[in-house]
Amino acid sequence: MWSYFANPHKFLRLSDWLAPLFYALSAVCIFYGLWQGLWVVPKDEYQGGDIMRVMFVHVPAAWLAMASYSALAIASFVWFVWRHELADIAAKAIAPLGATWTALCLATGSIWGKPTWGTWWQWDDPRMMSVLFLFFLFLGYMALRAAMDTRQKAARAGAILAMVGAINVPLIKFSVDLFTSLHQDASVITADGPKMAAVYLTPLLISALGHSLLFGGLVMTSMRTEIRERRIARLRARELEAF
Amino acid sequence: MRAPNTEPGRTALICWGSLIVLASRAQLAVGPHPRNKAAFAAAAEPAIPEMMDPQAAPLLSASGLGMIRGERVLFREVNLAVRTGEALVLRGANGTGKTTLLRILAGLTRPEAGRVARREAHHWVGHREGLKPQETPREHLKLWAQAWGTNVATDSVLTRMGLNRPADVAGRYLSAGQRRRTALARLLLEDRPVWLLDEPYTALDAEGRALVDALIAEHRSRGGSVIAAIHGEAGFAASGELTL
Amino acid sequence: MSAAPILAAFRQSLGEAWAGGAGALLPLGFLGGAAVLVPLGIGSDGDTLKAVGPGIIWVALALASLVTLERIFQADAEDGTLDLWLQAGAPVSAIAAAKTLAHWLSAGLPLALFSPLLALMFQAEASLALLSHVALYALGSLAFFFWGGVGAALSATVRRGGLLISLIALPLFVPTAIFGAIAMSGGPGSSGAPLFLAASTLFACAVAPYAMAAALRLAAD
C-alpha cells in the first residue's frame, strides 16, 4: 500500500477525482450538521443555552486538532524511515491546515467558555491547555520548516521535530491533567456534561465526518500544489543548467 | 480540592517509557538506516590484507555519486578511488560541488545517489578550521590529541608547522594563515592513511604552501593518500585529477 | 568506541562556557535581573510575592537556559568544529549530551544553587525546604537544557535561531514546569511531584540526545 501511495503520479491521478468527491461530501455533511445544530436540536440549558450550538464546530475541530497532529507525526515517521517524498509533501500540507483547525478549536472553546465559565480562558481546563500546546507544536513545526534553506533540509528538520513533539505529547497531556486536577473545583461545568443524548450525537458525528472530509480534501489539494511546485522548480533548475 | 489519582498516570508513564526503549531497540535491530547504507556497505566489505597487493585495494573509493542541492543537480555519476601513495586533485569552478563532494567522501553529507567505501581512517581539514575563538593552537592540538587518544608531543608538531610564536595566542587574534596552519597541524597528531583537504593553500604564505607540499609528499611516501580540492596550481605531482 | 572524544567534547564546551565573558556570572545576572523586574511590575505585596516566587524562578530558569543555548551548536556549525565532532569516532548523541551537560553545569546548576537567595527576596521563609528546592531546580533545569538543546541543534544553521529555539522548546518545557511548580506548592500532590519531575528529566536525558544527534547531522549536511 505504501509504495502505491508513494508514487506522485498515482497520487495525482487518485486525488484528481477523490478530492472533489471529498469536498462535495463534506459540504453535505457540514451543512446537515449546522442545520441540525442551529435550528433542529433543542438547546441544553445545562450547557449554557443556545451557546452550546457552537459544539457542532468545536468538537469536530478538537477531533481534527488531535488527528492532524497524529497524521503529521505518522507522515514524518514514514518520511524519516522510508524517505518517500510524498510523505514529506503530506506533512508539509498537513501542518498549516492542522494549525488552522487547532486555532478554530481554541477560538470556539473560548467563545463557549465565556458564558458557561464566565471567562474567555480557563487555565484549569486540561483540554484547552493541551490544545494550546498542540497549537504551539504546529507553530514551531512551520517556523522551523520555513527557516531551512532547501526543501531536503526542511523535510529532515521538520520530521525530527514532529517526532520529538509526538513522543512528548503523552507526557504533556499527563502533566496538564495533573496540573488541572489539583486546581479544578467539582462544580465547574465541563463540556462533556452528562451523558450525551442521541439527538446531539448523530448530527455531531456527521459534522465531524464533514470536517474530516474537508480536511482530507484540502490536504490533497495542497499536496497536488506542492507536487507541481516542486516539478516547476525542477524544470526551472534544468533550464538554468542548460545555459 | 481532591488529591490526584496518580497511579494510572504513573503506569502510563512507565508503559510509555518502555515503549520508547523498545522502539529504539527495534530500530537498531532492523539494520542499517538508508542514510548509513554506504557506511554499512563499507563495513561489510571483506578486509583486504594491506601488504598483499596494495594496488588492488583503494583506501577510499566512491561510485556513482550524485548530489542535488535544492532542485539543482550539482554532479552525477562521479566515480573515484585513491590507492596508497596517490594524490587526487578535485578541480572545478566555484559552486560546482568540490566541497560537497569532499564532505560526502568524509561522511558528513549524504549523497542522493551512489556509495562511498572508506577502508581506512581519514583526516579532515575543511575550509572552516574548527578552531574556537578562545582556543590557542596549543590547546587545540591538545584537545584533539586527547579526543583521538594519541600521544604525540604537541610541541614538536607546533614547531613543524611554524606555530611556536603564536602557540599561546587565542584563535580570535590569529591571522587567517596561522589558523589554517593550526588546522593542518591536526594531520600530524595521528597517522591516518587518507587525507581529505579542502583548499589547503588558502591564506597561506609561500613558506606555508611549501610546508603543505612537504607534508603531502611525506604522507604519500609513507603509503598514505590525499584527496584535495585545489584552485590554481598544486605544488605536488597529482596522480589524478577529477574535474566537476 | 572510546570515551575519549566524549570527554574532550565535554571539556571543550566547559571551557567555552566559562571563557566567553564572566562564566556563570552572566546567566546569574540574567536570572537576577529578570527576577528583580517582577516585584517592580506586580507590586511589593509580601503575600503575592510569596505566592508567585517559585513560579517566577522556574520561568527565569527556562528563559536563562534558552538564552544560553542559542550559541552552543550554532558556534560549532559556524567554525567547523561540528564537522570534527561528527567524525570523532564516538556516537554523536553522546557528544551532544556531553556538550549539553557541560553547559548545564556552567549555567543551569549555578542558577539552581543561587535560587535560595532569590526565594528569600520573594519573601520565602528561610528554611531547609529552600535547600530541597535547589535540588528540584537543578533537576528541572537539566530537562530544560536537554529539550532546549534539541531546539538549538535544529536551529544551528538558522539566523536569529534564538527565537526559533524558544518556539520549539516551549511546549517541551511544559511537563517540567508543571511538575516543578506542583512539587513546590506544598499543596496536594506535592509529595509525588518530585518523582514525576525526576522521571520527566530522565525521559529528556534518554530521548533528547538522539534527536540532537539527528539534528546535528542535518546541520552539517
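Trainee: How many salt bridges does the rule find across the interface of chain B and chain C?

Mentor: The rule finds 4 salt bridges across the interface of chain B and chain C, with the reminder that this is a predicted model. One of the pairs to look at is Lys132(B) with Asp79(C), whose closest N and O atoms are 3.1 Å apart.

Trainee: And how many residue pairs are in polar contact between chain B and chain C?

Mentor: The count there is 9 residue pairs, with both residues at pLDDT 80 or more.

Trainee: Which elements of chain B give two or more residues to the side that touches chain C?

Mentor: Those elements are α1 (6-29), α3, β5 and α4 (137-148) of chain B. Of these, α4(B) gives the most to the side facing chain C, with 6 residues. By class, that side of chain B has 15 nonpolar, 6 polar and 11 charged residues.

Trainee: What area is buried between chain B and chain C, and what share of it do carbon and sulfur atoms give?

Mentor: The buried area is about 2,500 Å², and carbon and sulfur atoms give 59% of it. On the chain B side, Leu108(B), Lys132(B) and Trp144(B) lose the most area to chain C, and together they make up 23% of what that side buries. As for the contacts, 32 residues of chain B meet 29 residues of chain C.

Trainee: Now the other side. How many residues are in contact between chain C and chain A?

Mentor: There, 28 residues of chain C are in contact with 26 residues of chain A. Chain C and chain A bury about 2,500 Å² between them, with 85% of it on carbon and sulfur atoms.

Trainee: What about salt bridges across the interface of chain C and chain A, how many does the rule find?

Mentor: The rule finds 1 salt bridge across that interface. Asp221(C) forms a salt bridge with Arg156(A), and the closest N and O atoms of the pair are 2.5 Å apart. The polar contacts between chain C and chain A come to 2 residue pairs, both residues being at pLDDT 80 or more.

Trainee: Which elements of chain C supply at least two residues each to the side that touches chain A?

Mentor: Three helices of chain C do so, namely α7 (128-154), α8 (161-185) and α9 (193-220). The largest share comes from α8(C), with 11 residues. Sorted by class, the residues on that side of chain C divide into 23 nonpolar, 3 polar and 2 charged.

Trainee: Changing topic to chain B itself, what is the strand order in the parallel sheet?

Mentor: That open sheet has 5 strands in the order β5-β6-β7-β3-β8 of chain B, with parallel pairing. Its edge strands are β5 (122-125) and β8 (240-243) of chain B, each of which pairs on one side only. From one strand to the next the twist averages 15°.

Trainee: Over how many bridges do β3 and β7 of chain B pair?

Mentor: Strand β3 (residues 87-91) and strand β7 (residues 225-229) of chain B pair in the parallel sense over 4 bridges. Within that pairing, Leu88(B) has Ile227(B) in β7(B) as its bridge partner. Helix α3 (residues 98-106) of chain B packs on the sheet and touches β3, β5, β6 (194-198), β7 and β8 of chain B, and its direction makes about 155° with that of β6(B).

Trainee: And which strands make up the antiparallel sheet?

Mentor: That one is an open sheet of 3 strands in the order β2-β1-β4 of chain B. The edge strands are β2 (72-82) and β4 (113-118) of chain B. Strand β1 (residues 60-69) of chain B is joined to β2(B) by 7 bridges, and the bridge partner of Ser61(B) in β2(B) is Ala81(B). Helix α3(B) also lies across β1, β2 and β4 of chain B, running at about 130° to β1(B).

Note on methods: Residues are numbered from 1 along each chain as its sequence is written. Chains are lettered from A and ligands numbered from 1 in the order in which they are written. This is a predicted model: local features need pLDDT of at least 70, side-chain atom pairs count only at pLDDT 80 or more; totals for chains, interfaces and linings use all residues. Side-chain values use heavy atoms; hydrogens and water are left out. Contact means heavy atoms within 4.5 Å. Buried area is the accessible area (1.4 Å probe) that two parts lose on being put together, summed over both. A salt bridge is a side-chain nitrogen of Lys or Arg within 4 Å of a carboxyl oxygen of Asp or Glu. A polar contact is a pair of N or O atoms within 3.5 Å; within protein, one must be able to donate a hydrogen and the other to accept it, and residues adjacent in sequence count only if both atoms are side-chain atoms. Ala, Val, Leu, Ile, Met, Phe, Trp, Tyr, Cys and Pro count as nonpolar, Asp, Glu, Lys and Arg as charged, and the others, Gly among them, as polar. Two strands pair if DSSP finds at least two bridges between them. Axes are lines fitted to C-alpha atoms, for helices over the stretch in contact, and angles run from 0 to 180 degrees between N-to-C directions.
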